[in-house]
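Trainee: Could we go through this model together? I would like to begin with the ligand.

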Amino acid sequence: MKIGIVCYPTFGGSGVVATELGKALADRGHQVHFVTYNQPVRLDFFSENLFYHEVAVSKYPLFEYPPYELALASRLVDVVRFEKLDILHVHYAIPHASAAFMAKQILATYGIHIPVITTLHGTDITLVGNDRTYKPVVTFSINKSDGVTSVSEHLRNDTYRLFEIEKDIKVITNFIDLRRFNHTPKGHFKKAIAPEGEKILVHTSNFRKVKCTPDVVRIFAKVNAVLPSKLLMVGDGEDRPECEQLARDLGVSQNVRFLGKQDAVEEIMSVSDLFLMPSKSESFGLAALEAMACRVPVISSNAGGLPELNVEGLTGYLRDVGDVDGMAQAALTILQDEERLNQFKENALTHARKFDLANILPEYENFYLEVIKNS
Ligand code: GMT
């Protein structure tokens with residue numbers, strides 16, 4: 001198939017999922033065309049089947065808000081026509097689903113039919129999409145998609161609860177490429193971070209409010225008071241300064257390293273003992289899956305789709321949002337017992353294997369074929 005993929009090109013989960021999916025589809029012999037405003041961060045190589053089409057947004061003094069959606073729709077018209085695409089797969093509804101709908105209408109005037117699949121990722125539904133500002137457009141463009149998928153059962157239910165959706169939403173969970181994300185022993189790195197054999201806790205995110213990153217520091221401070229340990233904070237975003245200050249205020253700053261945005265997340269995970277994800281909302285929790293694939297158990301909140309990924313008492317523990325004491329206690333339960341820690345590490349990997357790319361990729365391929373046939 002010739003597949004167009006529209007996504008955000010950033011480190012965010014939806015962009016990562018879209019890019020990894022596109023790369024895997026290209027590996028399988030499909031021709032994949034990414035259409036977005038920058039080269040996606042995980043699009044770190046090119047092959048004969050991978051293409052990137054940049055959406056350029058022209059500036060004009062009149063445009064206080066440059067109309068990205070129109071530029072994207074125009075670029076999609078161009079790419080679909082000239083590359084003769086079979087299907088468009090847009091990740092994150094806003095504004096990708098409505099831009100694809102517009103492109104589809106324009107292409108129809110050229111006698112070209114292009115089916116559109118929208119994959120819902122989380123905040124496009126739960127936070128941004130549900131905002132009155134966008135709601136009518138989001139509802140309309142989901143209903144006008146030829147196929148709709150969501151990355152967890154919970155997000156599917158949220159979408160039906162929050163919007164008037166007439167379409168079937170198919171759950172295709174996020175996935176992990178176990179060839180890349182696996183436990184690669186990095187003894188020298190571990191020694192540099194934790195010279196006295198301290199336990200290493202880790203968190204990765206975009207440090208947005210929804211991630212509750214200050215709670216990561218609070219949980220760590222409680223663990224650190226009892227157990228020699230280090231915390232690695234990977235990523236960057238609005239709450240990072242608050243976290244840095246909090247680490248100082250709580251007297252743990254010498255044990256917390258802020259590493260900023262990192263490409264080789266799997267190497268950091270590989271030296272870690274426990275992943276913390278206390279998010280207020282999380283449709284799936286891809287970062288937790290990346291940790292689990294590297295044999296790292298997870299202490300998370302029980303928000304959104306997290307219980308579909310992190311299994312209580314097996315791959316980690318789940319506590320209510322904001323239950324810092326409960327999460328710290330759960331972390332200590334795992335970290336203070338070497339045998340239990342090893343068992344949880346093993347369980348995390350075993351469970352992550354259920355989300356192996358090799359299992360999920362055919363679900364997308366079959367869905368593409370079904371949508372092409374029925375639209
Ligand atoms: O979590 C974010 O802020 C990024 C966001 C995105 O759209 O890039 O992540 C969402 O999509 C990921 C991939 O499907 C999911 O793993 C995340 O759980 C989801 N985030 C939220 O629901 C808050």
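Predicted model: local features only at pLDDT ≥ 70, side-chain atom pairs only at ≥ 80, totals over all residues.

Trainee: Which residues come nearest to the ligand?

Mentor: G12, G13, S14, G122 and L286 do, out of the 20 residues around the ligand.

Trainee: And which helix gives the most to that shell?

Mentor: Helix 1 (residues 13–27), with four residues. Helices here are DSSP runs of H or I with at least four residues, strands are runs of E with at least two, and both are numbered from the N terminus.

Trainee: Changing topic, where does K222 lie?

Mentor: K222 belongs to helix 8 (residues 213–224).

Trainee: Why is K222 partly exposed?

Mentor: Because 18 other C-beta atoms lie within 10 Å of K222; buried requires 20 or more, exposed 12 or fewer, and partly exposed is in between, with C-beta atoms placed from the backbone.

Trainee: What about strand 13: are its residues buried or exposed?

Mentor: All are buried; G316 and L318 point one way from strand 13 (residues 316–319), and Y317 and R319 the other way. In a regular strand, side chains alternate between the two faces of the sheet.

Trainee: Which residue stands opposite L318?

Mentor: S300 stands opposite L318.

Technical notes
Residues numbered from 1 in each chain as written. Pairing = 2+ DSSP bridges. Near = placed C-beta within 6 Å.
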